[in-house]
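This report is meant for a reader who is meeting the structure for the first time. It takes up the strands, the helices and the aromatic rings in turn.

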Amino acid sequence: MDTVDLKKPEFYINRLLSLLEFNRRVLEQAKDESVPLLERLKFLCISSTNMDEFFEIRVAGLKQRIELGVTQVGPDNRTPQEVMNAVGDRAHELVEEQYRVLNDVLTPTLAAEGIRFIRRTHWSAAQRDWLRRYFEDQLLPVLSPLGLDPAHPFPRILNKSLNFIVGLEGRDAFGRSGGVAVVQAPRALPRLIQLPAEETGSGPYDFVFLSSIIHAFVDELFPGMTVNGCYQFRVTRNSDLFVDEEEIDDLRRALEGELPQRRYGAGVRLEVADNCPDDMADYLLEEFGLGREDFYRVNGPVNLNRLLAIPDLVDRPDLKYSGFTSGLPAALGYHSDLFATMRERDVLLHHPFESFTPVVDFLRQAARDPHVLAIKQTLYRTGPESAVVDALVQAARAGKEVTVVVELRARFDEEANIALANRLQEAGAHVVYGVVGYKTHAKLILAVRREGAQLRNYVHMGTGNYHPRTARLYTDYGLFTTDPAIGEDVHKVFLQLTSLGRASDLKALLQAPFTLHSQLVAKIEAEADNARAGKPARIIAKVNSLVEPKIIQALYAASQAGVAIDLVVRGMCCLRPGIPGVSDTIRVRSVVGRFLEHTRVYYFAAGGAEEIFGSSADWMERNFFRRVEVAFPVREPQLRDRMLRELDLYLRDNTQAWVLESDGSYRRLACADGEARVSAQEALLEELGEGL
C-alpha cells in the first residue's frame, strides 16, 4: 500500500477562511426564527464585533506580512497575497449579508413588535422638532467640525470611531471657499437615541440613530455654507500591540506606552455609507493608505455593534432568552466548608450551567482561614470590578502570602489588567507578569494550608478565565482537587512563573511550552497503535480551534489506523474530515448557541484505561509553543464518566450543531422526522441548573 503524504496542501483548510466560516455560523443565528428576536439582534452584533477583531488582528497581520515581502506559505500552500485575495472576497460577501439580515430580516420583524428605527425621511413634525432641540442642546456643543485646508490637515481618526465627511460650497467668514470637512462624533455620545413618547407621539420603543440626527442638521455646523453631501465613515486600524521583548526592562511600562498607539495604528479597512460618491471614497482611501480591496460600502450604520444597546433598552422578556439560575453540585451547599469537601472528593463545575460562586467562595474562605499561609493565582481576564480580585485583596490585607501572575498582554484587556495589577500591589500582594515572550494563559489557583505538621495544597484549575461575568456567558469546566501530584505540579508551575530555573518534570499535568504538544502527539499515536492491536481506540476533543499541523497529521495517521475520532471545534478548523484514505473516521462539528462554547476537553480511550483532560489550551501553534498552558487530568471515575456523558451530548446535538464537510463548508443539522430533539446546552441547563 502506498504511503499517503499527510502534508499535502489539499488536506488543509486555510485558518483565516475557516475563521470567517465561524462568523458566518454566528450570523446564521440572527436568521434563526427559533431564537428569540432580541437575541437574534445580539448575534448580528456579535458577528459585527467578530469582524472588527478579524480585521484589527488577522487582516492587519496579513497586511504586514505582505508589506514585508513574506512569501512563506501555510500548510494549505497559499501565499499571504493569495490568502488576502480569498479573505477579501469572503469578507465582502459576509458584510453584505450582515446588512441584508439587518435591513430585510430583523428591522421589519422588530418593527412588527413595536421596536422601530425611524429614518429621518419618516420623522413626523413633532419628532423633527424634538430631535432638532436634542441636536442643539446635546450634540452641537460637543461637535467640532474640521474644515480641511493647508492650515487644517486631515485629522487623526480614532480606530472604529464614527465620522462624517461633508462636501461644502460657498465662502466662509474668512473668504475661504468651500471644499471638504470632517465631523467626528465623540465616543461619549450615544449612537442610538430613544424618542420620548410623551413629547413626540412616538411608540415606546422608537429609536433614531445618532448618524441620522447629524445628517439631518449638519448644515447648522457650517452657517452660511451649502452642504452638498454628508456621509458616515469608519476606519478599522491595526490593533495588535508591538513590544520589543529584547529591549524592554519593564513590561508594564512598555505596554502603558504602547496602548495609546493602538487607537491610531495603520488602517486596514474603510467602511462608508452606501451613498458616498466615488470621489469622496477615493479621497478617504488615499488619506488612510488603503486600496479598493479594503473598501466596504454599507447600507446602514457603519458600526452594527451599537445595536447591542437595544436589548437593554427594550423591556420585552418575551423576546429574550428566559432567565436561569446556575446550579451547585450536590457536594456543595451555599454555606459549605469547601476545604472540607475537597479533602473528601474532587469537585467539578461546568459553567454557566453550574455556578461560578464556589470559585469566589474558595478564595474568600482561603482569605479568612487562619491556617492558609499562601494563595497563588494566574489572572488572564477577570473584569475591572471583580469579586476574584476583591478576595485576593482581602487575603493580602489579612497577611496572607498572595502571589498573582497577571498577564498584561491579554488582548484588549491590557489596560484593565494594568489597573488590577496596581490595585493588588497596593494591597500588598506580590504581582508578577509571567515570562516575557510567553503569555500566561493557564488558569490556576493554589491555596497552601497548614494542617497539623503538614502542608496541604488546595487547587482549582479551569478551562476558562476567572471572570464572573463571562462565566455566565461561556461554557467552561473548573476542577477543585487536593490530589498531591497535581498540587505539587501546580506549585512547580508557579515557581517557573515567578522565579528562575529549569523546567521541572511534572507528574500529572501536561504543560506548554514544554510537554503539552509532544504528549498529545504521543497519546494520539498510542490510540493508533491500540487500534492496530485490536484494543479500544477512540479520541474525542472539544476545542475552540484546531490549527497546528503536526497534531492534524497525527490525527490523520490515527484515522488511517482506524481510530474513531470525534472533534467539536467551535471556530477555526484546518483539518479536512472524510478524505478517503486519510480522514475517513474523523467527524468534525461546531456548536453555536446561547452560550459561547469555550471548554477544552481531550479524551483518549487508551486501550480501555480511559484518560480525560481539561485544559486552557486550544490546538494551535501559539498555545503549544508561545504560551504557558496546562492540561489537567480528571482522575475520579465518577467525574470522568460525567464529562464523557456531557461530551456525548454535544456529539448528539441536532439543533445547534454544524457538520464540517471535506470541502470546508459547514452543514447545519436538523431533526429528522421522528428523531428526538437534542440541544446540548439546553439539556445541560435542565440537568445542572436550578430552573429556567
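Predicted model: local features only at pLDDT ≥ 70, side-chain atom pairs only at ≥ 80, totals over all residues.

Strand 7 is mostly covered, since 9 of its 12 residues are buried.

## The sheet and its edges

These strands belong to an open sheet of 6 strands, whose order is 2-4-3-7-8-9 and whose pairing is mixed. Strand 2 (146-147) and strand 9 (295-298) stand at the edges, and because each has a single partner strand, one side of each is left without a neighbour in the sheet.

Helix 3 packs on this sheet, where it touches strand 8 (267-273) and strand 9, and the direction of helix 3 makes about 15 degrees with that of strand 9.

## Two helix pairs

What describes the way two helices pack? For helix 1 (residues 15-31) and helix 3 (residues 80-112), the angle is about 5 degrees and the axes are 10 Å apart. Angles under 35 degrees count as roughly parallel, and helix 1 and helix 3 are therefore roughly parallel to each other. In their contact, residues of helix 1 including L16, L20, R24 and L27 meet residues of helix 3 including V83, V87, R90, L94 and V101. The residues of this contact divide into 12 nonpolar, 2 polar and 7 charged.

Helix 4 (residues 125-139) and helix 6 (residues 210-217) also have axes 10 Å apart, but they pack at an angle of about 95 degrees. Angles from 65 to 115 degrees count as roughly perpendicular, and helix 4 and helix 6 are therefore roughly perpendicular to each other. Helix 4 contributes R128, L131, R132, Y134, F135 and L139 to the contact, and helix 6 contributes L210, I213, I214 and F217. By class, this contact of helix 4 with helix 6 has 8 nonpolar and 2 charged residues, with no polar ones.

## Aromatic rings

A search of the whole structure finds 18 aromatic pairs. One of them joins F54 and F55, whose ring centres are 5.9 Å apart and whose planes lie at 90 degrees, so the pair is edge-to-face. F54 counts as buried at 4% relative accessibility, and F55 is buried as well, with a relative accessible area of 3%.

The rings of F324 and F595 have their centres 5.5 Å apart and their planes at 75 degrees, which means that this pair too is edge-to-face. Where do F324 and F595 lie? F324 lies in the loop between helix 9 (310-313) and helix 10 (338-344), and F595 in the loop between strand 21 (586-591) and strand 22 (596-597), so the pair ties together parts that are 271 residues apart in sequence. F324 counts as buried at 10% relative accessibility, and F595 counts as buried at 4%.

Notes. Residues numbered from 1 in each chain as written. Heavy atoms only, no water. Axes fitted to C-alpha atoms, helices over the stretch in contact; angles between N-to-C directions. Helix = DSSP H or I, 4+ residues; strand = E, 2+ residues; numbered from the N terminus. Parallel < 35°, antiparallel > 145°, perpendicular 65-115°, else oblique. Contact = heavy atoms within 4.5 Å. Nonpolar A, V, L, I, M, F, W, Y, C, P; charged D, E, K, R; others polar. Pairing = 2+ DSSP bridges. Buried < 20%, exposed > 50% of the residue type's maximum accessible area, 1.4 Å probe, protein only. Phe/Tyr/Trp six-rings, centres within 6.5 Å; stacked < 30°, edge-to-face > 60°.
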